[in-house]
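I opened the notebook to look up charge pairs and strand pairing. My entries follow the display.

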Amino acid sequence: GLDTVLISSEGFQRCDPAVVKRVFRKFDVTVIVYLRDQLSYLQSAWLQAIHAENYYDTIEAYERDIFHCDYAQMLSAWAKAFSQENIVIRIYSKKFLVSGDVVRDFFASALGEIPGIDFESGQAVSAYIAGNSSLRGDAIRFKKRLNEVIGSDRYYFAELYKALGVYSGSIVQRVNLVSKELARKLECKYRASNTEVIQAWSLSSSALDFREVARHETPGMMGGQEFHAFLQALTKIDPACDILFGDCYGYDVHEADSSWVLEFCQNIVCDSLNLVKIRHNGLDIDPELLGERSPGGFTIPFENFNPDRDRVLLKFGDGEAVTLAMNGRNN
């Protein structure tokens, strides 16, 4: 019974336009498409893959294996399904958006002016935007490590996503994560396609220019001590993130012949096995003085380790000791 229905989703970019056309065949459809230059889009897509999925490879690998952004090809398929006169192209850049805001721009493009509506009011909107910020700073390095050292069951949950977003939202300075070499590769790869789109859709000649930030960074994996400190900071933003301590700082014990086999989680195996200490008879002792190193941990004779009494610790360079949690004993 309504005159106009608005449906917005990034998921449409992965849909076959012919199928979308069939779904909405009873409606007069206007398709509003937002394009952004491939450099900033690549960076945003890579960060989102790290943030909301379990991706941890480099941005170069992401561009090579996953990223595909030929706008001429994409728009041709949508124009074939809906005809070009029913497609509105907008540029995702503050320079081209109404009031520099994509929400206002979308409503203005879809409905024109709407008196009396304030799209920026309400704490719920502000909280959502804060929790949905793209990863920045150390949050990138933390989530990359988390994705690499933990299985897919814990790489994403709502509280972690929001906490990382809140942390990232507090960082004002923006950096460019795309190297000059990769930027040149993108420019060469999409130059002809972008020119075709600009001409075919009568866009500004600068609509798809790459907008580079002067400062460049290449985020690596976060080190073990930094990772622990960052996880502690996240739990202060949202205590629900505390669940990750069990995944990141746990070990398992089982019997093998006349020894105990201690197997540590991948986060510790990654770079911190040399920091493991066993508090045995009141002393913090290197496990290799009590037994020997084995794949993923240590093998220690029964007489040198009591899993019910001895504590297993991780001692960082600053002297902080983390008591590791036993995940269970498989006899």
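**Salt bridges and a sheet**

I looked up D271 and found this residue partly exposed, at a relative accessible area of 34%. Buried means under 20% relative accessible area, exposed over 50%, partly exposed in between (1.4 Å probe, protein chains only). The model is predicted: local features need pLDDT of at least 70, side-chain atom pairs count only at pLDDT 80 or more, and totals for chains, interfaces and linings use all residues. Residues are numbered from 1 along each chain as its sequence is written, and side-chain values use heavy atoms, leaving out hydrogens and water.

I then checked the partner. R145 forms a salt bridge with D271, with the closest N and O atoms 2.9 Å apart. A salt bridge here is a side-chain nitrogen of Lys or Arg within 4 Å of a carboxyl oxygen of Asp or Glu. R145 sits in helix α7 and D271 in helix α12, 126 residues apart. Helices (H or I, at least four residues) and strands (E, at least two) are DSSP runs, numbered from the N terminus. R145 is buried, at 0%.

How many salt bridges does the structure hold? I noted 13.

Next I took D284, which forms a salt bridge with K315 at 3.2 Å between the closest N and O atoms. D284 lies in strand β6 and K315 in strand β9, so the pair ties together parts 31 residues apart in sequence.

Four strands form an open sheet, ordered β6-β5-β9-β10, with antiparallel pairing. Two strands pair if DSSP finds at least two bridges between them. β5 and β9 pair over four bridges. I278 stands opposite V312 in β9.
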